[in-house]
Amino acid sequence: MPSVIRTTTLPSGEAVPVLGQGTWKMGEDARRRADEVNALKLGLDLGMTLIDTAEMYASGGAEEVVAEAIARRRDETVLVSKVLPSNASRAGVARACENSLKRLATDRIDLYLLHWPGSVPLEETVEAFEALKKAGKIRHWGVSNFDTHEMEQLVDLPDGGYVQTNQILYNLSQRGPEFDLSPWSRQRGIPLMAYSPVDQGALARNARLEAIAARHDATPAQIALAWVMRQDGVIAIPKASRQEHVRQNVAALDIELTPEDLADLDRAFPPPTRKRGLEMI
């Protein structure tokens with residue numbers, strides 16, 4: 001296992017690990033709660049200190065799982081949560097943040113994201129985020145599922161330049177962001193946070209990855225994850241509910257993909273040659 005997880009830098013100058021922990025679908029079944037909590041705790045032990053959650057996940061249940069996992073370890077955790085677009089008004093953001101803070105049993109969220117673009121004017125949401133920063137409720141804010149034109153609109157707003165990340169669907173099967181969103185973000189130093197980096201487990205069962213995995217004595221899922229993390233300014237947040245899976249995710253950091261590997265991956269999963277609308281799940 002790597003002793004130190006590589007980091008990337010937010011526009012604020014803060015370093016965050018390039019491998020974090022996702023929590024989508026956690027908190028939905030009480031019978032799995034202990035396993036989910038223990039998986040997150042192990043991830044923290046292994047250096048995956050960034051944990052991503054959202055008020056939407058299990059209607060707040062995932063945040064409660066995170067609270068249990070980070071109890072007495074809050075200061076070592078980079079805590080990310082998200083507000084629904086339906087709550088993105090000035091009053092709605094403040095209320096949603098307070099509810100998330102209660103479920104997370106903490107006094108601040110390190111990175112608070114708008115879950116996807118909605119009908120509330122973006123300028124109003126940004127103003128609400130900035131008010132939360134001034135109140136000490138959040139340290140930074142960002143967005144999720146924003147395409148290039150939406151990011152351009154955001155950074156043109158007063159205080160829009162304080163955006164710290166854009167969390168998007170990105171993996172070998174969904175490479176559309178590489179056409180314009182990835183270069184745009186990299187040029188401006190805004191890291192992308194890749195959710196579903198193993199395509200909800202589909203890439204773990206993909207035969208086209210097996211030969212490459214065999215070269216590295218790895219699994220197809222580890223190859224898919226290593227491919228995401230090899231890119232500058234990209235943070236991967238796979239979900240793992242079992243400790244064995246957590247260890248495999250961390251071990252993917254040690255995989256160095258060769259030019260031959262990358263060429264084979266490009267043939268199996270061709271990069272985009274034209275603009276595609278940003279996909280999301």
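## Exercises on pockets, cores and a helix

The largest pocket has a volume of about 620 Å³, a volume being the space filled by probe spheres set on grid points that are joined across faces, edges and corners. The model is a predicted one, in which local features need pLDDT of at least 70 and side-chain atom pairs count only at pLDDT 80 or more, while totals for chains, interfaces and linings use all residues. Residues are numbered from 1 along each chain as its sequence is written, and side-chain values use heavy atoms, with hydrogens and water left out.

**Exercise 1.** Describe the lining of the largest pocket.

*Solution.* Begin with the term: on a 1 Å grid over the protein atoms alone, a pocket is an open set of points with protein on both sides within 12 Å along at least five of seven lines, a cavity is a set where a 1.4 Å probe fits but cannot get out, and lining residues have an atom within 4 Å of a point. Next, the lining holds 33 residues, of which Trp24, Ser196, Gln200, Pro238 and Lys239 lie nearest the centre of the pocket. Finally, the elements giving two or more residues to this lining are α8 and α9 (243–251), and α9 gives the most, with 3 residues.

**Exercise 2.** Find the residues that line the largest cavity.

*Solution.* The search of the whole structure finds 1 cavity of 30 Å³ or more, and about 30 Å³ of space lies in the largest cavity. Around that space stand Leu169, Gln174, Gly176, Pro177, Arg276, Gly277, Leu278 and Glu279.

**Exercise 3.** Work out which side of helix α10 is buried.

*Solution.* Helices are DSSP runs (H or I, at least four residues), numbered from the N terminus, and α10 covers residues 259–268. Its buried residues (under 20% relative accessible area with a 1.4 Å probe, protein chains only) are Asp261, Asp264, Leu265 and Ala268. Seen down the axis of α10, these fall within an arc of 100° and so line one face of the helix, the arc being that of the directions from the axis to the C-beta atoms. The face turned away carries Pro259 and Arg267, which are exposed (over 50%). The cover over the buried residues includes α7 (210–215) and α8 (220–229).

**Exercise 4.** Locate Leu265 within the largest nonpolar core.

*Solution.* Such a core is a set of buried Ala, Val, Leu, Ile, Met, Phe, Trp, Tyr and Cys residues joined through side-chain atoms within 4.5 Å. Of its 77 residues, Leu19, Tyr112, Met151, Leu154, Ile223 and Leu265 touch the most other members, and α8 gives the most to this core, with 8 residues.

Methods: Contact means heavy atoms within 4.5 Å.
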